[in-house]
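Student: I'm new to this one. Can we go through it together, a piece at a time?

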Amino acid sequence: MSDTPVLIVGAGPTGLTLGIDLARRGIAALVVERADGLFPGSRGKGLQPRTMEVFDDLGVLDAIHAAGGGYPVGMIWRGGERVGEHHMFDPAEPSEDAPYNEPWMVPQWRTQRILLERLEELGGKVAFGREVTGVVQDEDGVTAHFASGGPVRARYLVAADGGRSVVRRAVGVGMTGEEVDPFPMLVADVRITGLDRDNWHFFPQGEGTEDLLAICPLAGTEDFQLVARFAEGTEVDLSPEGVRRVVAARSHLAAEDVTEVRWASDFRPRAALADRFRVGRVFLAGDAAHVHSPAGGQGLNTSVQDAYNLGWKLGAVLGDGAGAELLDTYEEERRPVAARMLGLSTSVHRGETRRGGATRQLDLGYPASTLTAETRTAPGPVRAGDRAPDATVDGVRLFDAFRGPHWTLLALGTDAPEPPAAVRVVRGPAHGTYGAGLFLVRPDGHVGWAGDTPAGLPEYLARFGGR
C-alpha cells in the first residue's frame, strides 16, 4: 500500500489546481484520474476575472493568456442573413484594483493541459487509469481502493471526481438540487467552413427556445464550440452525422460544412449542492460538491476557487503545524459561496440576470468566517473577509507581492510590526483603494485580519502554525 499526504481524486481543473497549490507548498499530493488522459472537450471555456487572479498567483497566467482570447460579439442570423448583434457580457474596463476585468475564453482541455504542465514542473504527477471504487477512513487516514492496482493510503482525500462523484457516494453525502431546464442539450467541438471567427453565431428558430443553435469560435484554436437545445424527451444523437444534421436543419450551412466533429456530449442543465463538503478526512470540491448550469460560466470557476481555498489550509496543517480544526473552515467558507453561485448560474440560464459584475466573482468574500477578524474602529473601503484588490503601493504592485504561498502584511499609513519571517511586508502611505491600517492578506488573496494597531495580530497568526 502506497502512502501520500493528500490523495486527490480527479484530474480536472479542481484537482489539478489543488495539486499545484500543494506542490508549491512542498506537499507531495498524488492526483489520480480514472480516464487514460485529460478531458478532451471545450466544455468549461470561460475563465472569470477572479480565476485569472488565482492563475496569476499559481504561475500559469501567461500560458492561459497565450492559449485563449476575449469573447467575440454575438451575431444573430435569420434566413442566412445577419440581422443584429448580441453582447453576452456587460462591458468592464480593467482597473488598478481589478486588472483582469473581462472573462477570458480558453477551451477546458487546454486549461487542463496548462495546469498539468505546471503541476509536473513543480514535481507533481497524475496517475491516469486509476478508477476509485471505494473509500474507507479511520481516525488516522483514508484508504482508497481501485478497480485495478493496489490501494492508496492518505492522511486526507479530496474528491474532485465530478458530478457523479464515486467518493461522494462512498462517504454517504447526498445532493440537493433542481432541474434548471427540461430541454436536453448537445455540446460539441467542431471544425466548420463558412462562418467567420470574429463572432459568436446564434441561429434562433422562432419564439421558442427549445431549438436553439449557437456556434462559438474557440479562441486560440481552429475549432468552434457548438451548443444545441432540443425539445423535451428528445434522444440526442452524438454521432458526427447527428451533429451535422442539426447544423444543416437550423442554419444556412450545409451538413458538409461541418468538416470534423472532434468531441461531443449531451447533458440536461441542473443545479445541485452537496449536503456537506467534508466528512472526516474526506473533502468534496468542484462538481463533486456543486453542479451548475453552464450559463454564466460559474461552475469551473467556483471549482478552481474551492481548490484555492482548501490548498493553503491543508498546507498549513500538514506543513506548518496548524491545528486540524482549520480544515473545518473549508466547508464554512466555500459552501455558502457555492450556493450563491448556483443561484446566479440558474438565474442567468433562465434569462433573469445578465452576465455582468456578479458573474466576474470579484465581490466574493468571507466576511462571516471564523477566520475573519476586523478590529478597526472605523473600517475603510476594504474590510477583513474581502478579496484583497490589486494596487501599487510605494512602487510595489500588490499582486506581485501576494504571488506565492505566503501571507502578506500591508501597512498603509501606519507603522508595521516585525512579523514572522514567512510573512511578506509591504509598507506605504494610505491608499485610495484600501484606506489606512494594517491588512493581513491570506495566501488565497483575502484579507484575514485588519487593524488600526498590531494588537491581536500575533495571536491571529499563531492559529496557522506561527506563520
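Tutor: Let's start with a pair of helices: α1 and α4 cross in a left-handed way, meaning that the near helix is turned anticlockwise from the far one by less than a right angle. This is a predicted model, where local features need pLDDT of at least 70, side-chain atom pairs count only at pLDDT 80 or more, and totals for chains, interfaces and linings use all residues. Residues are numbered from 1 along each chain as its sequence is written, and side-chain values use heavy atoms, leaving out hydrogens and water.

Student: How are α1 and α4 oriented to each other, roughly parallel or roughly perpendicular?

Tutor: The axes, lines fitted to C-alpha atoms over the stretch in contact with angles running from 0 to 180 degrees between N-to-C directions, come within 9 Å and cross at roughly 20 degrees. Angles under 35 degrees count as roughly parallel, over 145 as roughly antiparallel, 65 to 115 as roughly perpendicular and the rest as oblique. So α1 and α4 are roughly parallel.

Student: How many residues of helix α1 are buried?

Tutor: Buried means under 20% relative accessible area, with exposed over 50% and partly exposed in between, using a 1.4 Å probe and protein chains only. Among the buried residues of α1 are Pro13, Leu16 and Ala23. The helix, residues 13-23, is mostly covered, and the count is 11 of 11.

Conventions. Helix = DSSP H or I, 4+ residues; strand = E, 2+ residues; numbered from the N terminus.
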